[in-house]
Amino acid sequence: MIFGSQGDRIKKEGFLSFYERDGKDDRIFHSGNMAFSNNGRLYGESEGTSFFNDNVINRCGDTYFSGGKRYWRSGSTLFCSDGRRWYGDMSGEDIRDIISHDF
């Protein structure tokens with residue numbers, strides 16, 4: 001489980017990521033280089049860029065940029081330029097899931 005600094009959390013089961021926010025489950029299904037959710041599609045990375053609906057997530061190493069915010073990973077913590085944090089064992093897919101829901 002990944003915990004967020006403001007009550008957000010992600011439960012993982014195999015290749016599925018469940019993102020819980022405000023009591024609602026938003027399921028993200030990863031298949032190959034694409035991911036699908038009930039809110040839209042998150043495409044796999046191509047040269048450090050992912051797309052979720054009309055939003056773009058750019059990646060450079062452990063730093064991500066999206067929606068005017070900067071996210072960076074240090075150890076088992078993901079930081080956001082607005083002060084939010086997420087804690088846990090996160091893969092690149094987990095980080096994209098978090099950012100795609102932070103719009």
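Colleague: Which residue in S9 stands opposite Cys60?

Modeller: Thr63 is the residue opposite Cys60. Strand here means a DSSP run of E, at least two residues, numbered from the N terminus. This is a predicted model, where local features need pLDDT of at least 70, side-chain atom pairs count only at 80 or more, and totals for chains, interfaces and linings use all residues. Residues are numbered from 1 along each chain as its sequence is written, and side-chain values use heavy atoms, leaving out hydrogens and water.

Colleague: How many bridges join S8 to S9?

Modeller: Three, and the two strands run antiparallel; pairing takes at least two DSSP bridges. In the turn of their hairpin, Gly61 has a positive phi of about 65°.

Colleague: And what is the bridge partner of Tyr64 in S10?

Modeller: Tyr71.

Colleague: Switching to rings: how are Tyr71 and Trp86 arranged?

Modeller: Their centres are 6.3 Å apart and the planes are at 40°, so the pair is tilted. Rings of Phe, Tyr and Trp (its six-membered ring) pair with centres within 6.5 Å; planes under 30 degrees apart are stacked, over 60 edge-to-face, the rest tilted.

Colleague: Are those two buried or exposed?

Modeller: Both Tyr71 and Trp86 are buried, meaning under 20% relative accessible area, with exposed over 50% and partly exposed in between (1.4 Å probe, protein chains only).

Colleague: What about Trp72 and Phe79?

Modeller: They are stacked, 5.7 Å centre to centre with 15° between the planes. Trp72 is partly exposed, at 27%.

Methods
Helix = DSSP H or I, 4+ residues; strand = E, 2+ residues; numbered from the N terminus.
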